[in-house]
Amino acid sequence: MGITDLTSMAEVETEARRELNERLLRLREEASYYCYQCAKCTAGCEAHKLLELEPHRIVALLKRGLVQEMVNSDIIWTCLSCFKCKERCPQKVAPVNILFALKNLAVASGKEVPGDYTAMLTSAMGMGLIQDVQTVTTRGGETRTREGLCLPPISVPTDPAKFQMTVMTVAMEKV
Amino acid sequence: MRLGLFPGCLMPTEQYGYEISLRKVLPMLGVEIVDVMDLSCCGEPLKSINQMLTLTLSTRSLAVFKKEGLDALVPCPMCHLALSEANRIVKEEEDMARRLNEKLSAEGLDYDGSVALYHTIDLVHDHIGLEKVKDMVKVDLGSPDMATHYGCHIIRPTELGRPVDAENPQKMERILEAIGARSNDYAEKLDCCGGPVLPVHPDTAVTKTGQKLQAVQEQGFDGMVLACPWCHKMYDSKQKKAGETVGAKLEVPVVYLTQLMGLAFGIPPGELGLDLNQSPVERLLQKDKEGA
Ligand code: SF4
Ligand code: SF4
């Protein structure tokens, strides 16, 4: 089981897909019952102006069961996960959670993982953090390292092989 | 107060100014910071890929804290959100807790939701207390007017129990008053830094950063203060780029709350990692000279 399995789980992950579909079904029932399309979520959405995300439309599409259409669309990857929609919905609907489930389903369906996520995932599974220690520059242009700044060693999994086993098996078993 | 440090990813790998100032300032206020080994990413940055992965990573790290018998200092709002959610799920969802624990047992770990979490802001405001902070102040900062930026994940979602109010956060403002700075509310105060879409829409992310910084600059603030490594990466490390995207020359000094506290406590800027800030923070230092 490798990192590639996590990012392109097309065949192996029928179980994961089933779980995600079940989760979306629950979210759909909830949305159908509670969301009255007031669009308060969209009014405050951080991705609305620049990226044209309209969370109330995401909820409306889910109500109509158009999951596959959304999974295939790039729009789900515009959410900034700022949680304003969840915070401000008068009906306690959480478009942000619908978007997380849709993105997870897109990945579990073997869609290409967009942007830098693959690198972050590979690093997190490999050494424990989404990136390794960086050399930085001061405002004056001098370079500094973590060590040079007298900071203690970073905290990462002491037994990477065991860590990978724990994390990967759970992640694979139930997405 | 003795707390284990949950550093997360960004602070220990590039946002050194936060870590340096935190390690300097909090012990002066009676907090002993303990380094905890064997931790990992909290998983929140990977939640779009796989939520179960996020939950597993968070729970595993919390189990390490339980084993060490320590509560956690979590300086990153995003980590604080992930760990809070893991705490809630382990406490409330029996089935899930059992499944997670089965897996953790392979590493000799187990978790029950018992580790308490502290972010920098609530640790200082609620637990250390403003009186103690005031007692430490040695230098007159010259009362700079600082725009506060909290970071989405330390204020929302309320339902999960966040340490700061979602719609009218004021704890940083009170801390600023205690150290001799000021803060006026501004319309864009709750706007997101743009950081979370950096992996997918880098240009839009930086545009959001630029828009807020421009608003802060135009309203005449002396600087911006924050307590999130992701937001600092956007507002400080990427300020120049952000200015280019909105067509403005941005010169907003951006500092970590702990850096500003350190200055007020009389710690030399070099020992607070202030030379690592890319924004023109020397203006704040001049300000404290003017005021002195
Ligand atoms: S704010 Fe809530 S009820 Fe209103 S449209 Fe959005 S999800 Fe539906
Ligand atoms: S969490 Fe996503 S959908 Fe909800 S308001 Fe923020 S950017 Fe919009």
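**Chain A against chain B, and ligand 2**

Me: Which side chains do Glu159(B) and Lys86(A) bring together, and in what kind of contact?
Reply: The side chains of Glu159(B) and Lys86(A) form a salt bridge, at 2.7 Å from N to O. Bear in mind that this is a predicted model.

Me: How many salt bridges are there between chain A and chain B?
Reply: The count is 6 salt bridges between chain A and chain B.

Me: And how many residue pairs in polar contact?
Reply: Between chain A and chain B there are 32 residue pairs in polar contact, both residues at pLDDT 80 or more.

Me: Which element of chain A gives the largest share of the side that touches chain B?
Reply: That is α10(A), with 8 residues. Elements that each supply at least two residues to this side of chain A include α7 (84-88), α8 (95-108) and α10 (160-173).

Me: What classes of residue are on that side of chain A?
Reply: The side of chain A that touches chain B has 35 nonpolar, 13 polar and 15 charged residues.

Me: How much area do chain A and chain B bury between them?
Reply: About 5900 Å², with 61% of it on carbon and sulfur atoms. Of the area that chain A buries against chain B, Glu87(A), Tyr117(A) and Arg139(A) supply 12%, more than any other three residues.

Me: How many residues does the contact take from each chain?
Reply: It takes 63 residues from chain A and 68 residues from chain B.

Me: New topic. What surrounds ligand 2?
Reply: Ligand 2 is surrounded by 13 residues, and the closest are Cys45(A), Cys79(A), Leu80(A), Cys82(A) and Cys85(A). By class, the shell has 11 nonpolar, 1 polar and 1 charged residues.

Technical notes. Residues numbered from 1 in each chain as written. Chains lettered and ligands numbered in written order. Predicted model: local features only at pLDDT ≥ 70, side-chain atom pairs only at ≥ 80, totals over all residues. Heavy atoms only, no water. Near = heavy atom within 4 Å. Nonpolar A, V, L, I, M, F, W, Y, C, P; charged D, E, K, R; others polar. Contact = heavy atoms within 4.5 Å. Buried area = accessible area lost by both parts, 1.4 Å probe. Salt bridge = Lys/Arg side-chain N within 4 Å of Asp/Glu carboxyl O. Polar contact = N/O pair within 3.5 Å; in protein donor to acceptor, adjacent residues only side chain to side chain. Helix = DSSP H or I, 4+ residues; strand = E, 2+ residues; numbered from the N terminus.
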